[in-house]
Amino acid sequence: MIKLHTLSNGIRLVYEKIDTVKTVSIGIWVLAGSRYETKKINGISHFIEHILFKGTKNRSSKEIVYEIESIGGQINAFTAKEYTCFYVRVLDEFLQKGFDILSDLILNPVIAIDEVEKEKTVIIEEINMTKDDPEEILYQSLNDLIWKNQTLSYPIIGKESTVKKIDRTKIEDYMRKRYMPQNIVISVAGNFEEEKLVEFVEMYFGDWKCSNNKKDGVNFISKPVFNRGAVIKNKKIDQAHLAITFEGFGQEDEKVYELLVLSNILGGGMSSRLFQRIREELGLVYSITSFVSTFKDAGVLIIYAGTNPKNISAVYKEIMSQLRLFLKGEILLDEVEVAKQQIKGSIIFGLENTSSRMSNMGKNMLLLNKIMELEHITRIIDSIDHTKVIDTAREVLSKEFSVAVVGNKKEMDLKIFEQRVLTQ
């Protein structure tokens, strides 16, 4: 059973005790990501994720990693558009050590000017790597299109021009405004004594003070607006990459589960319609899939295909043909039931270790401020029937969609992308 404990300073502790394991995963979730940045400091959330590992008042960068690895544990972090997470996974006997190191990392960083300058070089190299990856170009171009001039379009890693201008003052200012108790969720899953867990959280994070500035930590974001259109990026490569994107639902909306069922039937696996028709029957692609991408209050359905540039028109037409069948309501009862089982299986498989359980709890509490038990999620999925999936298909697929393409323009028929509304 998942439980919630809120500290007096506003930090939320969400936890699940699992007696059958010998490990524990601890995550510190911060409401800090590219969505909360300005254009001038784009990339700073990701930069901070890196720089906090460069040393604290109590440990050098090497000591941070050594102390965890010497007890057989793991430590890492990652940044997304809506959050940053710092986490450790340790044997259950080292629960306190995990909290000791994570709290030191976040509460006592030494942001040295020379380390900031060195990290700029590392991150700029990371940015340059993405410029060589057609799929990275595809999805960034798509984000720039559908979330035009909105912070959701900002790349998590930032841009070279903005990363170069990040300095210690900007880092400290951003951390003061975003790294606040009310923006923090501590998520823990594994084997532990509940009383000890609460004791350690209070010990290491209970004295974290809120800012006296009422503007700090406030989340000035509005519901994103989905923009429609087409973007073609010319790149002389052997394969063309295509992304067809429909406006979907945010994580707050339970309709997202109906869209997951729809996506699974369409292109969620090797038995899906797109895979069977376009790859297996026609041999036009090696890779074709569909998936749902969500944020707190927005989401999209994306269909991706990689093909020979000369075949892109044929692939596009076949995808449109399959989508028209969905729009007509030509979805089988068996397809819905199989998709529901696949989604439930995927969720359950994904929650079979402490790290994934910790992650699931942390994200839900940080973004939705609620506990989502597995049983609740499976009940939602079980309640989805054939009619709901058809209604969702018609709601989503009847609207104008957006298209992003990366490939050699000279080898592609681009006129086909001018029509982006499905007709029955």
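Close-up 1. E119 counts as buried because its relative accessibility is 5% (buried means under 20% relative accessible area, exposed over 50%, and partly exposed in between, with a 1.4 Å probe and protein chains only). The model is predicted, so that local features need pLDDT of at least 70 and side-chain atom pairs count only at pLDDT 80 or more, whereas totals for chains, interfaces and linings use all residues. Residues are numbered from 1 along each chain as its sequence is written, and side-chain values use heavy atoms, with hydrogens and water left out. E119 lies in helix α4, residues 113-130 (helices are DSSP runs of H or I with at least four residues, strands are DSSP runs of E with at least two, and both are numbered from the N terminus). Leaving aside residues up to four places away in sequence, E119 touches F47, H50, I51 and K54 (contact means heavy atoms within 4.5 Å). With K54, the side chain of E119 also makes a side-chain polar contact of 3.2 Å (a pair of N or O atoms within 3.5 Å; within protein, one must be able to donate a hydrogen and the other to accept it, and residues adjacent in sequence count only if both atoms are side-chain atoms).

**Close-up 2. Gln96 in helix α3.** Helix α3, residues 95-107, contains Q96. Q96 counts as partly exposed because its relative accessibility is 33%. When residues up to four places away in sequence are not counted, Q96 touches F200, M203 and Y204. The side chains of Q96 and Y204 are joined by a polar contact of 3.1 Å. By contrast, Q96 and G229 are 52 Å apart in space, C-alpha to C-alpha, and 133 residues apart in sequence.

**Close-up 3. The open sheet of 6 strands.** The strand order in this open sheet is β1-β2-β6-β3-β5-β4, and the pairing is mixed (two strands pair if DSSP finds at least two bridges between them). β1 (2-6) and β4 (74-79) stand at the edges with a single partner strand each, so one side of each is left without a neighbour in the sheet. On average, neighbouring strands are turned by 15° against each other, direction ignored (axes are lines fitted to C-alpha atoms, for helices over the stretch in contact, and angles run from 0 to 180 degrees between N-to-C directions). Helix α1, residues 44-51, packs on this sheet and touches β4 and β5; the direction of α1 makes about 165° with that of β4.

**Close-up 4. Strand β6 and the strands beside it.** Strand β6 (residues 184-190) is largely enclosed by the rest of the structure, because 7 of its 7 residues are buried. I184, I186, V188 and G190 point one way from β6, while V185, S187 and A189 point the other way. Strand β2 (residues 12-17) runs parallel to β6 and is joined to it by 6 bridges; L13 has I186 as its bridge partner in β6. Strand β3 (residues 23-30) runs antiparallel to β6, with 7 bridges between them, and I28 has I186 as its bridge partner there. β3 is also joined to strand β5 (residues 84-91) by 8 bridges in the antiparallel sense, where the partner of I28 is F86.

**Close-up 5. The open sheet of 5 strands.** This open sheet has the order β7-β11-β8-β10-β9, with mixed pairing. β7 (230-234) and β9 (285-294) stand at the edges, each with a single partner strand, so one side of each has no neighbour in the sheet. From one strand to the next, the twist averages 10°. β7 pairs with strand β11 (residues 402-407) in the parallel sense over 5 bridges, and I232 stands opposite V405 in β11. Helix α11 packs on the sheet and touches β8 (240-247), β9, β10 (299-307) and β11; the direction of α11 makes about 25° with that of β8.

**Close-up 6. Helices α11 and α15.** The axes of α11 (residues 312-327) and α15 (residues 386-397) come within 8 Å and cross at roughly 125°. The two helices are therefore oblique to each other (under 35 degrees counts as roughly parallel, over 145 as roughly antiparallel, 65 to 115 as roughly perpendicular, and the rest as oblique). L323, F326 and L327 in α11 meet A393, R394 and L397 in α15.

**Close-up 7. Two asparagines with positive phi.** N149, which is not a glycine, has a positive phi of about 60°. N149 is found in the loop between α5 (134-146) and α6 (160-163), and is exposed, with a relative accessible area of 68%. N369 also has a positive phi, near 55°, and lies in the loop between α13 (354-368) and α14 (374-382).
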